Amino acid sequence: MKKYFSSLLTLSFLIVFQIHSFSQNQAGERKGIPGMGGLLMPTEIRPCDNSTSIVLENISTENRFIREVPEDLVLTADLVYHESSNSEGQPLNLKMDVVRPKDEKKYPAVLFLTGGGFMWAPKNSNLYNRCEIVKAGYVVGSIEYHVVSNGLYSDAVKDVKAAIRYLRANAEKFGIDAKNIAVWGESAGGYLTAMTGTTNGVEEFETGENLDQSSSVQAAIDCYGLSDLTKIGADYDKAAEEAHFNTAAPEAGYVHGKNSGLTILDQPEVVAKSNPVNYVDKNDPPFLFIHGSVDQLVSPSQTLLVHNALRNAGAESSRYVISGANHGGPQFSDPKVIRIMIEFLDKALK
């Protein structure tokens, strides 16, 4: 059996650990979030309107993660899916891992987009959840993508679409039903999921290899992602909200470029093009959103904004809120939550 050892635990697990650690030490001095451009931990999270959502209570906080792919599944690692370049024009070969059932059948595919605050994109994260989706009858790819240090949000959207085209071009090799592909992401990956799902057919994001293949997706799962980068801290106290409006905030670098000297409130016409909520229309694929009610990194209202926009446009969207859940963490690997994801995918792709 080919072993698959992760170089780190899932990024979301680490972030939640940091959140709790810093929250416990908030007496006196206001704490910042390590490595996140001066962002502050909120001292207040205002509840958002969940009238169009389903609230999940009593979800387990048991940790579930694995370090290697189970024996009944097959991993193909480090596939170069896109030959791109970084912000300095130097070559950047982006890689994908593919996990699939160990048989000769064809299955729908799901492309997983890891979180990482726009700062990191480790494709080996969240192996437990990925394998649970594979066991339900899917081929799951997981990719690296451009982050602040080497590109812009638009580069990352192009990466995702290149990855989808790669899966379709290699459908026979990996046993994929090329007509049915979904995208699924968490946090920053949730943002890219929303961007991908709402820009089916938008030519400006179509560059790279396999352009004879479609990059359109038939379903999208957005877990605690962003939909309007000017409102990431909208549910927080004033200091935590306004910390997002500085030039060092990750979203500013992702939209304007690292060291641009601009904030996410500058050049609103440029920023507007980076917000998934502005691309919504009635032809968008079905969406599933899942968010924690006390998320300390991405305001819970972020998924609500795009969820309601999709519903108002006449597209299909459902949103679940996990009561008491923070930004990622064990609740998102609870069997009940994974079952919601699988049932959504089965309905959309099978």
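1. How many of the residues of strand E4 are buried? E4 is mostly covered, with 7 of its 7 residues buried. Here "buried" denotes under 20% relative accessible area, as against over 50% for exposed and partly exposed in between, with a 1.4 Å probe and protein chains only. Helices (H or I, at least four residues) and strands (E, at least two) are DSSP runs, numbered from the N terminus.

2. This is a predicted model, in which local features need pLDDT of at least 70 and side-chain atom pairs count only at pLDDT 80 or more, whereas totals for chains, interfaces and linings use all residues. Residues are numbered from 1 along each chain as its sequence is written, and side-chain values use heavy atoms, with hydrogens and water left out.

3. On confidence, the pLDDT (the predictor's confidence in each residue, from 0 to 100) averages 92 for the protein chain, and 92% of the residues score at least 70. Residues 1–27, however, have a pLDDT below 50; this stretch makes 64 contacts in the model beyond near neighbours in sequence. A contact means heavy atoms within 4.5 Å. Where pLDDT is low, the predicted coordinates should not be read in detail.

4. Strand E4 has two parallel partners to note. With E6 it pairs over 6 bridges in the parallel sense, and Ala-109 has Ile-181 of E6 as its bridge partner. With E5, which also runs parallel to E4, there are 5 bridges; Val-110 stands opposite Val-140 in that strand. Pairing requires that DSSP finds at least two bridges between two strands.

5. E4, helix H2 and E5 together make a right-handed β-α-β unit. Right-handed means that, with the strands pointing away from the viewer, the path from the first strand over the helix to the second runs clockwise.

6. Helix H2 (residues 127–135) is largely enclosed by the rest of the structure, because 7 of its 9 residues are buried. Among them are Leu-127, Tyr-128, Arg-130 and Cys-131. The buried residues of H2 pack against several elements, including strand E2 (73–85), strand E3 (91–101) and helix H10 (335–349). Just after H2, Gly-137 adopts a positive phi of about 100°.

7. Which count results from a search of the whole structure for disulfides? The search finds 0 disulfides, a disulfide being a pair of cysteine sulfur atoms within 2.5 Å. Cys-48 is in none, and the nearest cysteine sulfur, that of Cys-223, lies 16 Å away. Cys-223 counts as buried because its relative accessibility is 2%.
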